[in-house]
Amino acid sequence: MYCDGGKVFVEKEDQCMSCKNFKKGVECPLLQALGFGVVTLEGTLYVTNCGFYSEYKRHLNLVNEIKTDEE
Ligand code: SF4
């Protein structure tokens with residue numbers, strides 16, 4: 001995670017990538033604090049043990065290929 005030009009960028013190494021709070025956008029207290037300028041971030045920080053982390057689980061399943069009469 002790093003800040004550039006007033007924007008917060010999350011990287012694939014960050015725990016946030018699988019966090020429900022990140023998927024929902026605005027429910028992360030850290031991202032909110034950074035966004036509002038309440039806290040600042042110098043350099044790069046990899047989020048690995050966040051106390052607000054909530055695992056995001058996908059509920060999509062792969063389905064078998066559907067055959068049509070045209071094949
Ligand atoms: S709650 Fe923690 S892990 Fe989740 S998006 Fe915010 S900083 Fe990342």
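1. The shell around the ligand holds ten nonpolar residues, two polar and no charged. Here Ala, Val, Leu, Ile, Met, Phe, Trp, Tyr, Cys and Pro count as nonpolar, Asp, Glu, Lys and Arg as charged, and the others, Gly among them, as polar. This is a predicted model: local features need pLDDT of at least 70, side-chain atom pairs count only at pLDDT 80 or more, and totals for chains, interfaces and linings use all residues. Residues are numbered from 1 along each chain as its sequence is written.

2. Residues around the ligand include Q15, C16, N21, L31, C50 and Y53 (C-beta atom, placed from the backbone, within 6 Å of the ligand). The elements giving two or more residues to this shell are α1 (20-23) and α2 (29-36). Helices are DSSP runs of H or I, at least four residues, and strands runs of E, at least two, numbered from the N terminus.

3. L31 lies in helix α2. L31 is partly exposed, because 19 other C-beta atoms lie within 10 Å (20 or more is buried, 12 or fewer exposed, in between partly exposed; C-beta atoms are placed from the backbone). Its C-alpha atom is 9.6 Å from that of V10, 21 residues apart along the chain.

4. C50 lies in the segment after α2. C50 and N64 are 14 residues apart in sequence, yet 37 Å apart, C-alpha to C-alpha.

5. The chain pattern is β-β-α-α. Its radius of gyration is 18 Å, well over the 11 Å of the globule rule for 71 residues, so the chain is more spread out than a compact globule (taken over C-alpha atoms; the rule is 2.2 Å times the number of residues to the power 0.38). Of the 71 residues, 7% count as buried.
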